[in-house]
Amino acid sequence: MATKKNNDYDFKFDDKVEKDSLIYDHDRNDTPTEEEIANMPFKERMSYRFDYRVKALLTFLAVLIAVGSCIFYLCRPVDRPHVTAIALMDGIRFTLEDEKIVRKDFLNSLKDNKSYTGTNKEKTEKFFIYNYDYNSITDNNKFTGLLEKKRFDVIACKQERFEDLISTGDVMDLTKVLTTDQLQQLQDRIIYVTTNKGETAYGILLENTVVQLRDNTTGGKEIHDAILCIPSSAYKIQEIRLFIDYFFKLN
């Protein structure tokens, strides 16, 4: 038994190692046994339960919130008839300034088109731009979920994803969407792919567009190998044609 003199009072220290103490120490790194926990005073036992289990509880709540947010993101109501949307994949981006320009000018081009505003009862009032990170599992899952929900009208992606979308039947034959005049004006940029259906026009090389797209994976440098395609689930054909006219500066 050891003693220590301090201000005329003797303090006695037990020769036990701390892990055998019935008092819970917040700085301990070991885990007490169930018997040791049961023998702790009520206050210390509750402190142990809180300290050792609060992290697990907070982690569970964080996962629950993340899953809930993802479900809400996928299922949230969208006034789809009044929205035209583009998905920018694989790190393809507009600059913030160009995004504002495209959003504003495309909507203005629709307002200025009298035949469109006069005949379409569900005319587009908003232009959505969905940005997805390169090789992000979360973003890929979001994209797949929203693609199934017919949220996208056009998709900008790189070669590998373009080929994947074709293989899964998620890309539309351009000749079924674009007019003869549009196909003629874009003939030097149209990408044909040979499948079991023969040679089919599935993509448009993103060159000579109204604004230059950037590559987020290379620090925002100009991108010259991006491809525009139309998802097979797209149904806003008139808006897609008008977007192609605007974005590729067609007559």
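Two strands pair if DSSP finds at least two bridges between them. The legends below describe close-up views of a predicted model.

**Figure 1. Strands S4, S9 and S10 form an open antiparallel sheet.** The order of the three strands is S4-S9-S10. Strand S9 (residues 214-215) is joined to S10 by two bridges, and these strands run antiparallel. Within this pairing, Arg214 has Glu222 in S10 as its bridge partner. Strand S4 (92-93) and strand S10 (221-222) are the edge strands, each pairing on one side only. Strands of a sheet pair through backbone hydrogen bonds, either parallel or antiparallel.

**Figure 2. An edge-to-face aromatic pair is formed by Phe106 and Phe243.** A pair of aromatic rings is described by the distance of the centres and the angle of the planes. A search of the whole structure finds 13 aromatic pairs. In the pair of Phe106 and Phe243, the centres are 5.3 Å apart and the angle between the planes is 85°. The pair links distant parts of the chain, with Phe106 in helix H3 (residues 96-111) and Phe243 in helix H8 (residues 237-247), 137 residues apart. Phe106 counts as buried because its relative accessibility is 0%, and Phe243 is likewise buried, with a relative accessible area of 2%. Both residues belong to one aromatic cluster, which also includes Phe94, Phe127, Tyr246, Phe247 and Phe248.

**Figure 3. Phe143 and Phe152 form a stacked aromatic pair.** The two rings lie 5.3 Å apart, centre to centre, with 15° between the planes. Phe143 and Phe152 are both buried. The charged end of Arg161 sits over the ring of Phe143, at 5.9 Å from the ring centre.

Figure 4. When residues up to four places away in sequence are not counted, Asp245 touches Gln182 and Leu250. The C-alpha atoms of Asp245 and Phe106 are separated by 9.8 Å, although these residues are 139 residues apart along the chain.

**Figure 5. The largest nonpolar core comprises 38 residues.** In soluble globular proteins, nonpolar side chains tend to be buried together. The residues with the most contacts inside this core are Leu228, Ile244, Phe247 and Phe248. Two or more residues each come from strand S3 (83-88), H3, strand S5 (126-131), strand S6 (154-157), strand S8 (198-205) and H8. Helix H8 gives the most to the core, with six residues. Not counting residues up to four places away in sequence, Ile244 touches Leu178, Gln182, Leu186, Ile204, Leu228, Lys249 and Leu250. A second, separate core has 21 residues, among them Ala87, Phe152, Ile166 and Ile191.

**Figure 6. Lys150 and Asn208 have positive phi values.** Lys150, which is not a glycine, has a phi of about 60°. This residue is found in the loop between helix H5 (137-148) and S6. Lys150 counts as partly exposed, at 42% relative accessibility. Asn208, also a residue other than glycine, has a phi near 55°. The loop between S8 and S9 contains Asn208. Asn208 is exposed, because its relative accessible area is 55% and exposed means over 50%.

Conventions. Residues numbered from 1 in each chain as written. Predicted model: local features only at pLDDT ≥ 70, side-chain atom pairs only at ≥ 80, totals over all residues. Heavy atoms only, no water. Phe/Tyr/Trp six-rings, centres within 6.5 Å; stacked < 30°, edge-to-face > 60°. Helix = DSSP H or I, 4+ residues; strand = E, 2+ residues; numbered from the N terminus. Buried < 20%, exposed > 50% of the residue type's maximum accessible area, 1.4 Å probe, protein only. Lys NZ or Arg CZ within 6 Å of the ring centre and 35° of its normal. Contact = heavy atoms within 4.5 Å. Core = buried A, V, L, I, M, F, W, Y, C linked by side-chain atoms within 4.5 Å.
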